[in-house]
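Subject: Handing over a structure

Dear colleague,

I am passing on the structure below, together with some notes on what was found in it. Please look through it before reading on.

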Amino acid sequence: MTEETYKRPSWDEYFMEIANTVAKRATCDRGRSGCVIARDKQLLVSGYVGSPVGLPHCDEVGHQLKKMIHEDDTITQHCVRTVHAEQNAICQAAKLGISLQNATLYCRMTPCRTCAMMIINCGIVRVVCEKKYHAGVESEEMFKTARVKLEYVNDEVLKYDKQ
């Protein structure tokens, strides 16, 4: 009988697992997402998809969907009732006075355009995503231009209802 040797998770695996646990608090079932931001092997802040404090959640009152028409004439739907996980983590850092300069952000899918701009402007230098997002090309280009390193754990595109 052979015993399997325990494999300690890498730092990226560790923080991604925490981000996935944080995602369980999300209050919008469209791509429930969580995010953690770390620097020097230290967890700084976390955030998950949810409505602003005091406002109703999707899980309580339903989604507030808006359609977006892209330059290539494709149409996608987005729930605008919630604040994204990345935005909530960045807001948490601001509330607590924590600098995110030179940090790494871990999230479930490619950050949206707005999140990408916030990530760039707060000094985060690396983004690790579990999967790709269907409309993430613009963010990928912005990260490349801003020299923010973007890595994927898995190259598949995250799919969910009413995308």
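This is a predicted model: local features need pLDDT of at least 70, side-chain atom pairs count only at pLDDT 80 or more; totals for chains, interfaces and linings use all residues.

Residues are numbered from 1 along each chain as its sequence is written, and side-chain values use heavy atoms, with hydrogens and water left out.

Val-22 belongs to helix H1, residues 11–22 (helices are DSSP runs of H or I with at least four residues, and strands are runs of E with at least two, numbered from the N terminus). Val-22 has a relative accessible area of 13% and is therefore buried (under 20%, with a 1.4 Å probe and protein chains only). Beyond its neighbours within four places in sequence, Val-22 is in contact with residues including Gly-34, Cys-35 and Tyr-48, where contact means heavy atoms within 4.5 Å.

Helix H4 (residues 113–121) packs against helix H5 (residues 137–145) at an angle of about 15°, and their axes, lines fitted to C-alpha atoms over the stretch in contact, with angles from 0 to 180 degrees between N-to-C directions, are 9 Å apart. H4 is therefore roughly parallel to H5 (angles under 35 degrees). Among the residues that make this contact are Met-117 of H4 and Phe-143 of H5.

Strands E3 (residues 65–69) and E4 (residues 75–79) pair in the antiparallel sense over five bridges, pairing requiring at least two bridges found by DSSP. Lys-66 is placed opposite His-78 in E4.

Best wishes

Note on methods:
Buried means under 20% relative accessible area, exposed over 50%, partly exposed in between (1.4 Å probe, protein chains only). Angles under 35 degrees count as roughly parallel, over 145 as roughly antiparallel, 65 to 115 as roughly perpendicular and the rest as oblique.
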